[in-house]
Amino acid sequence: MSEVTTAEFNEDGVYLRKVRSFVLREGRLTTGQAKALESFWPTMGLDYSPQAINFTEVFGREADTVLEIGFGMGASLVEMAANAPELNFIGVEVHKPGVGACLGEAGNAGISNLRVYHHDAVEVLENAIPDGSLARVQLFFPDPWHKKRHHKRRIVQPEFVELLRRKLKIGGVFHMATDWENYAEHMLEVMSAAPGYKNQSDTQTYVPRPDHRPLTKFENRGQRLGHGVWDLMFERVE
């Protein structure tokens, strides 16, 4: 899947805020992706600015809002938006071909409850998303940084999950999924120690894949090969 964010972390896992350090991953667009950006960005694209947006104005209605960090090519995000028309969805992705692919699929399907940022996820969360506003935050298959010396670069770190807690409503849920068992263990450790969250797992570990998260082709193939996927869902309780 896609790399979640180009944000950098120091050795202690603290997010480094650098002025103008963020570089978008342009990538090479297909003709279809370029056409989708041209056609659908005016209605579904959100231009980043450091001011908090108003969900009611952006979507033209009052509804619970779900934000997905790093949606890759957007297939599962579009499927979720189509399956839950009663919810608003915001996707954040740094990779331009993924943004184009997502807009094309959503636009051609006539989906109206999805908006997309082509920007760094941490900056969007810090500045553009109002506190206490999100019903769910989704982080599916982020870069696992599997080498031990790179583990501090993983996005799920204490400071980041505290930022998410501020953005979630009370009762809102942070939903993670990974196919790297070591990263799942890391997520569980960080989230179990994070103040203000409650694990929705009866065993205080992982949850079965909920119906709202579509099974990806990649995941289907992995299951046939005996590979595991771990879902974690933590609710903001204070």
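Which side chain makes a polar contact with the side chain of His119?

Modeller: That would be Glu123: its side chain makes a polar contact with the side chain of His119, at 2.8 Å. Keep in mind that this is a predicted model. His119 sits in the loop that runs between strand E4 (114-117) and helix H5 (121-128). Its relative accessible area is 12%, and because the cut-off for buried is under 20%, His119 counts as buried.

Leaving out neighbours within four places in sequence, Arg213 is in contact with Met80, Phe140, Phe141, His175, Ala177, Glu219, Val229 and Asp231.

Gly60, in the loop between helix H2 (55-59) and strand E2 (65-69), is exposed, with a relative accessible area of 64%. Its C-alpha atom is separated by 9.6 Å from that of Asn113, and the two residues are 53 residues apart along the chain.

Now for the nonpolar side. In soluble globular proteins, nonpolar side chains tend to be buried together. Here the largest nonpolar core has 36 residues, and the members that touch the most others are Ile69, Phe160 and Phe174. Take Phe174: setting aside neighbours within four places in sequence, its contacts include Val137, Leu139, Phe160, Val161, Leu164 and Leu168. Also among them are Met191, Tyr197, Leu232, Met233 and Phe234. There is a second, separate core of 22 residues, which includes Leu37, Leu77, Phe89 and Ala106.

Leu77 and Ala106 turn up again where two helices meet. The axes of helix H3 (residues 75-83) and helix H4 (residues 96-108) come within 9 Å and cross at roughly 30°. Angles under 35 degrees count as roughly parallel, so H3 is roughly parallel to H4. The crossing of H3 past H4 is right-handed. On the H3 side the contact is made by Ala75, Leu77 and Val78, and on the H4 side by Cys102, Glu105 and Ala106.

Note on methods. Residues numbered from 1 in each chain as written. Predicted model: local features only at pLDDT ≥ 70, side-chain atom pairs only at ≥ 80, totals over all residues. Heavy atoms only, no water. Helix = DSSP H or I, 4+ residues; strand = E, 2+ residues; numbered from the N terminus. Buried < 20%, exposed > 50% of the residue type's maximum accessible area, 1.4 Å probe, protein only. Polar contact = N/O pair within 3.5 Å; in protein donor to acceptor, adjacent residues only side chain to side chain. Core = buried A, V, L, I, M, F, W, Y, C linked by side-chain atoms within 4.5 Å. Contact = heavy atoms within 4.5 Å. Axes fitted to C-alpha atoms, helices over the stretch in contact; angles between N-to-C directions. Parallel < 35°, antiparallel > 145°, perpendicular 65-115°, else oblique. Left-handed = near helix turned anticlockwise from the far one by under 90°.
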